[in-house]
Amino acid sequence: MLDILRKIVQEVDSAPTLLTALDVIVVNVQEALSTEVCSIYLLDERSNRYVLMATRGLNPDAVGVVSLGLSEGLVGLVGQREELINLEEASAHPKYRYLPETGEERYGSFLGVPIMHRRKVLGVLVVQQQEKRRFGEAEEAFLVTLSAQISGVVAHARALGQLDNLHAPKNINSPRIFHGVAGASGIAMGRAVVIYPPADIDSVPDRGVEDIDSELAQLNQALNAVRAEMQMLGNKMTASLMPEERALFDVYLSMLDDNALGGEIADKIRSGNWAQGALRAVIDEHMQSFAAMDDPYLRERMADVRDLGRRILAHLQKQASTTRDYSENSILIGDEISTATLVETPLESIAAIVTTTGAANSHMAIVARALGIPTVVGVAELPVSSLDDAEMIVDAYQSRVYVHPSRELRKRYKEIIREERQLVAGLDAYRDLPAETPDGHKVVLYVNTGLMADVARARDRGAEGVGLYRSEIPFMLRDRFPSEEEQRTIYRQQLTAFEPRPVTMRTLDIGGDKDLPYFPINEVNPALGWRGIRITLDHPEIFLVQMRAMLKASIGLNNLQIMLPMVSSVFEIEEAQHLIHRALTEVQEEEKAEIPMPKLGIMIEVPAVLLQIRELAGMVDFVSVGSNDLTQYLLAVDRNNSRVADLYTSYHPAVLRALQYIVNECHAIDKPVGICGEMAGDPGTAILLMAMGFDSLSMSASNLLKIRKVVRTVPLATGKRLLAQALGVDNAAVIRSMMELELNNMGLWDIVRPTQRPVGGKLPS
Ligand code: PEP
Ligand code: MG
């Protein structure tokens with residue numbers, strides 16, 4: 001069964017259209033289960049009916065014609081119940097509905113399984129048989145597994161608009177909306193630039209070319225380079241392989257010829273695709289025909305073709321200029337865009353970012369927020385490879401992405417962008433005003449930095465210091481560890497820019513989702529693995545260099561504070577203190593300077609710290625809550641996983657209660673406690689944090705003015721009332737809505753969601 005399943009999934013993956021994929025499924029399932037009928041019904045979103053889209057066994061003319069209402073027939077019942085139905089005698093069931101066009105009256109037994117994606121029924125997979133019998137458990141399990149596997153393909157087709165009107169499939173260039181999760185707020189309009197990992201053949205986009213001859217020349221060069229590689233490998237194997245085994249290399253070579261892969265790729269280039277896109281298309285086609293073969297030996301050849309494809313691609317990419325043309329208002333789209341890739345792009349040209357994976361608190365999203373680039377992540381259904389250069393609108397306030405937007409929508413969004421600029425200009429008035437509530441409570445607002453670009457924006461917006469300097473960011477931008485002197489220069493810039501205000505430098509926090517390209521960490525469960533302080537204590541040579549660089553950078557400025565990430569145990573603080581003291585003594589001797597010991601703090605990110613908080617906080621000068629990770633660990637929800645993004649919320653009652661507890665405990669032992677996770681920059685949660693008594697809120701520069709306006713608008717007494725209410729509610733969504741409603745009532749709606757007016761002005765959708 002597993003073999004059949006694998007074969008079906010491979011064939012479905014490489015099918016060029018949804019209809020072919022569905023056909024592949026029904027043919028294979030009918031054969032594998034030896035049933036008389038296998039059919040797939042998909043939900044047509046416009047008519048709200050299940051349309052027969054593929055069948056083996058029923059009248060083929062009924063495909064695309066026969067349909068059932070949402071609660072009609074056994075198919076409707078499977079959709080309504082969202083679970084499989086297995087009947088020995090279908091016609092005896094009260095819901096049974098006879099459809100003469102399908103010629104199904106001869107079939108007695110029925111097994112229907114819903115095709116579900118993200119809790120939504122997309123269709124129903126059905127097998128039927130003349131003989132009255134219950135399908136067995138193994139058959140049930142097979143269909144359920146298969147349906148789960150194909151749901152992604154159907155969802156993808158749905159995103160392309162192919163399921164909107166199943167009787168007349170749409171052109172993929174028609175306007176489409178995709179939903180994701182907001183990574184950094186804002187709106188932008190522009191054209192898509194696909195970012196894809198090198199040598200990942202599946203993600204190469206199609207791209208039209210004018211200079212066909214130049215593409216053909218590049219292809220030829222790449223083919224020659226791969227031929228040379230193959231010959232070299234063949235020669236190398238002379239001693240260890242038998243001649244007939246070595247013949248494989250000759251097969252490889254002949255596959256590159258004009259009458260094989262080479263010629264097919266050239267044909268596709270001549271029809272207007274660029275060399276890399278033509279290569280991907282040809283490899284795709286071959287994958288598909290291999291997958292259809294029953295012979296396991298021949299199917300294994302798939303791997304060879306793929307390997308050849310990757311080799312050709314690597315050479316093509318080597319030739320392609322690494323500097324892409326980023327026109328103004330480029331919208332970066334990709335399955336995954338790393339922080340390093342983002343920072344390497346000409347940031348002034350980047351209008352927005354959209355990724356199919358990731359979640360609101362992925363590091364790339366945090367950096368995008370710091371840079372003020374509207375970002376939507378986790379747009380799982382975005383057909384990235386077909387969107388290069390497509391016109392797009394990114395509305396991160398509503399977590400939406402519009403592809404090929406209509407003229408009216410573009411017009412409306414131009415207006416919204418103009419209004420947003422006015423709003424931002426209006427916020428400028430808050431630059432020089434103190435962050436003080438109308439009832440006289442002062443709130444310390446710090447900024448989170450990482451790049452030098454953050455610094456100017458933060459100072460411009462009146463940050464009172466740096467609550468979190470993510471020291472790993474400069475490490476991510478290099479191809480090796482920065483030297484002590486390089487680090488000193490970078491840290492000095494940060495410290496000088498804010499002096500005499502405090503700059504809290506976090507020690508290197510890599511691991512988890514923050515990989516350095518030159519220090520890869522491959523772990524099954526990176527969030528619970530080797531990360532943060534765990535790595536630096538295992539590598540004192542890295543930690544000591546960083547501490548020495550920070551201490552040297554602080555000479556004469558004395559505004560450095562050091563903060564340790566991911567602390568979970570007393571011994572980690574003791575060891576870090578020991579190393580910092582050692583670095584201090586060394587630097588003092590070397591520099592012949594009196595350098596004061598900087599204040600030392602810990603981040604609270606690991607829930608265990610809550611149960612030992614007085615002991616741990618008692619060892620240091622200050623505490624800062626890393627609510628991004630604390631939320632992840634408290635709720636056991638991966639902060640980077642778009643599948644569980646709905647569950648990741650800092651409004652969760654457990655998170656709010658934990659935060660209040662932390663403040664109370666720290667204040668009980670007179671330890672200042674701040675917060676530097678993203679919730680400090682969210683207007684709704686910022687009010688609650690202020691009311692909890694946090695001594696400082698640290699946020700990205702792009703949120704500083706908004707939060708200052710919130711602080712200046714909401715009296716502390718109101719904040720406390722809202723907090724008391726929130727702490728009594730058991731549901732995150734209710735707390736969030738309550739806060740949004742209050743913000744609206746206080747005239748702050750524009751700050752929360754400028755593109756969704758609760759009163760007046762409705763957006764076209
Ligand atoms: C946090 O976890 O809240 C935090 C500020 O650190 P980072 O987002 O860099 O992991
Ligand atoms: Mg963290």
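This report describes the fold, cores, metal site and some local features of a predicted model.

## Basis of the model

Residues are numbered from 1 along each chain as its sequence is written, and chains are lettered from A and ligands numbered from 1 in the order in which they are written. In this predicted model local features need pLDDT of at least 70, side-chain atom pairs count only at pLDDT 80 or more, and totals for chains, interfaces and linings use all residues, while side-chain values use heavy atoms, with hydrogens and water left out.

## Overall form

The chain holds 26 helices and 22 strands; these are DSSP runs numbered from the N terminus, helices being H or I of at least four residues and strands E of at least two. Its radius of gyration is 30 Å, close to the 27 Å that the globule rule gives for 765 residues, so the chain is as compact as a globular protein of that length. The radius is taken over C-alpha atoms, and the rule is 2.2 Å times the number of residues to the power 0.38. Of the 765 residues, 55% count as buried (buried is under 20% relative accessible area, exposed over 50%, partly exposed in between, with a 1.4 Å probe and protein chains only).

An automatic or database domain assignment divides the chain into domain 1 (2-159), domain 2 (176-196 + 335-423), domain 3 (201-323) and domain 4 (433-735). The C-alpha centres of domain 1 and domain 4 are 52 Å apart.

## Strand β10

All five of the five residues of strand β10 (residues 330-334) are buried, so the strand is largely enclosed by the rest of the structure. Ser-330, Leu-332 and Gly-334 point one way, and Ile-331 and Ile-333 the other way.

Two strands count as paired if DSSP finds at least two bridges between them. Strand β10 pairs in the parallel sense with β9 (residues 187-194) over four bridges, and Arg-191 stands opposite Ser-330. Five bridges join β10 to β11 (residues 350-355), also parallel, where Val-354 is the bridge partner of Ile-333.

## Nonpolar cores

A nonpolar core is a set of buried Ala, Val, Leu, Ile, Met, Phe, Trp, Tyr and Cys residues joined through side-chain atoms within 4.5 Å. The largest has 111 residues, and those with the most contacts inside it are Leu-659, Ile-662, Phe-694 and Leu-697. Helix α17 (residues 540-553) gives the largest share of this core, eight residues. A second, separate core of 53 residues includes Val-194, Tyr-196, Tyr-252 and Trp-274.

Leaving aside neighbours within four places in sequence, Phe-694 is in contact with residues including Val-625, Leu-659 and Ile-675 (contact means heavy atoms within 4.5 Å).

## Magnesium site

Glu-605 (OE) and Asp-629 (OD) coordinate the magnesium ion (ligand 2) at 2.0 Å. Glu-605 lies in the loop between β19 (599-604) and α19 (613-617) and Asp-629 in helix α20 (residues 627-635), so the pair ties together parts 24 residues apart in sequence. Donors are N, O and S atoms within 2.8 Å of the metal (3.2 Å for Na, K and Ca); water is not among the atoms, so sites may look incomplete. Glu-605 is buried, with a relative accessible area of 2%, and Asp-629 is buried, with a value of 2%.

## Backbone details

The peptide bond from Glu-499 to Pro-500 is cis, with omega near 10 degrees. Met-566, in the loop between β18 (560-564) and α18 (570-591), has phi near 60 degrees, a positive value in a residue other than glycine.
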